Amino acid sequence: MAEKDIPCSCPVCASRQCRPFAQTDHRRILACRDCGHVFAGLYSRDELRRQYAQRYYDTKDDPRIDAWIQANRRVWRGLCQAIGTCIAQPRSLLDIGAGTGGFLLAFHEYSPTTVLAAIESSSQARDALREKMPQVAFVADDAEGLDSVTERFHVITLLQTLEHVEDPRRLLRSVHDHLEADGLLLLTVPNRWSYRSLLKGMRDEFNFANPTHLHFFSGRILRRLLSETGFVRARRLRSMGGSNVTGPGQLPQWLLRVVGLSAELRFLAWRPLPVAARSLRAIACNQPVRILSR
Ligand SMILES: [Zn+2]
C-alpha cells in the first residue's frame with residue numbers, strides 16, 4: 001500500500017489501493033489506483049439521510065414532485081423511445097429508483113399494455129406515485145430489497161440511481177438476475193468526464209457537489225461493470241434529442257454525446273439468452289424460408 005493510500009476496497013475491482021481524491025461535505029472521495037474508479041469511500045449515513053429528506057421530498061404533496069415531472073417530460077419521452085427502438089411493447093418494466101414517477105407516467109402513455117413495477121426508497125414519493133398510478137406494483141422498499149423479489153421483468157430501468165447506491169456491482173448483478181432471458185436494461189448516470197465536470201470540478205451540482213452521490217462513473221467503468229455482471233451488447237446511446245435541450249442547442253449536445261463529454265451517460269445492455277435457446281434460434285434462422293413455410 002502506498003504511503004498516502006486509504007484502507008478501503010474499490011467497489012469495482014476490489015483493489016485495496018485507493019488514494020484520496022477530495023474531501024467534500026460529509027464524503028471522503030477516493031480514486032482507485034488500479035481501475036481508476038472514483039467513489040465516496042467514507043461518508044456519514046446520518047448526513048446522507050438528512051440530505052435526501054432536504055433535497056428531495058418532504059411529503060407526498062411536496063410541490064417539487066409535480067414540478068420535476070413537468071420539467072423533464074422531454075427526457076422521459078426520449079428514454080421511452082430509446083427502449084422502444086429495441087422492444088416495441090415490453091411485457092413488463094421495473095423502474096428502480098422511480099423517484100417522482102415521471103418516467104413511469106410517460107412510459108404508460110408510450111406503451112399502455114406494459115405491466116409496470118417500481119422500487120423507490122422515499123415513502124413520500126411512493127405515496128405520491130400510488131395516487132397517480134395505482135396500477136404500479138411496488139415490489140421492494142429500496143434497491144437492496146431487489147434480491148428478495150421473485151418476479152422477472154422484460155425491461156429494467158436504472159435512471160440516475162446507480163450513483164446513489166453503496167454497492168453498484170451487487171445491484172447490477174441483481175438486476176441481471178431479475179431480467180427475463182433477452183431482457184433489456186436502460187441505465188443512466190451522471191458522466192464523471194462531462195463538460196460540466198471538466199469546467200466546474202467539485203462544484204458541479206450534477207456530479208461531485210451532490211452530497212447524495214456515492215459514485216462518479218466513466219463510460220469505461222460502466223462497460224466493465226456491465227460486462228462483469230453478465231450483460232451483453234452494452235451500447236452507449238449517442239443519438240440526438242431526447243432531453244430538455246431544444247432547437248439548435250441539440251447539435252452541440254449531440255456532439256458532446258458523440259465524444260463522450262455529455263452531462264449524462266445512457267447505456268442499453270441485455271441479459272443474454274441461455275446457450276441452448278441461442279443455438280435453437282440460430283438453427284431456426286438458418287433454415288430456408290420455403291421449408292419454414294410448408
Ligand atoms: Zn478499482
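1. Two strands are taken to pair if DSSP finds at least two bridges between them, and on that basis this predicted model contains an open sheet of five strands, in the order E1-E2-E3-E4-E10, with antiparallel pairing. The edges of this sheet are formed by strand E1 (6-7) and strand E10 (215-216), each of which pairs on one side only.

2. As to the chain overall, its secondary structure amounts to 11 helices and 12 strands. The radius of gyration is 20 Å, close to the 19 Å that the globule rule gives for 294 residues, and the chain is therefore as compact as a globular protein of that length. Taken along the principal axes, the C-alpha atoms fill a box of roughly 70 × 50 × 45 Å. Buried residues account for 35% of the 294 residues, and, among contacts between residues at least 6 apart in sequence, 63% join residues at least 24 apart.

3. The domain assignment divides the chain into domain 1 (1-43) and domain 2 (60-282), whose centres, taken over C-alpha atoms, are separated by 26 Å. In the contact between them, 13 residues of domain 1 meet 13 residues of domain 2. On the side of domain 1 that touches domain 2, strand E2 (17-24) and E4 each supply at least two residues, with the largest share, three residues, coming from E4. By residue class, that side of domain 1 divides into eight nonpolar, three polar and two charged residues.

4. The largest nonpolar core has 63 residues, of which Ile156 and Leu185 touch the most other members. Strand E9 (residues 179-190) gives the most to this core, contributing six residues. Because domain 1 (1-43) and domain 2 (60-282) both give residues to the core, it lies between them. If neighbours within four places in sequence are left aside, leucine 185 is in contact with Ile156, Val175, Leu179, Phe231 and Ala269. As general background, nonpolar side chains tend to be buried together in soluble globular proteins.

5. Most residues other than glycine have a negative phi. Aspartate 25, although it is not a glycine, has a positive phi of about 40°; this aspartate is found in the loop between E2 and E3, and it counts as partly exposed because it has 16 C-beta neighbours inside 10 Å, a count that falls between the limits of 12 or fewer for exposed and 20 or more for buried. Aspartate 182, also a residue other than glycine, has a positive phi near 70°. Aspartate 182 is found in strand E9, and, with 16 other C-beta atoms within 10 Å, it is partly exposed.

Note on methods. Residues numbered from 1 in each chain as written. Predicted model: local features only at pLDDT ≥ 70, side-chain atom pairs only at ≥ 80, totals over all residues. Core = buried A, V, L, I, M, F, W, Y, C linked by C-beta atoms within 7 Å. Helix = DSSP H or I, 4+ residues; strand = E, 2+ residues; numbered from the N terminus. Domains from an automatic or database assignment. Contact = placed C-beta atoms within 7 Å. Nonpolar A, V, L, I, M, F, W, Y, C, P; charged D, E, K, R; others polar. Rg over C-alpha atoms; globule rule 2.2 N^0.38 Å.
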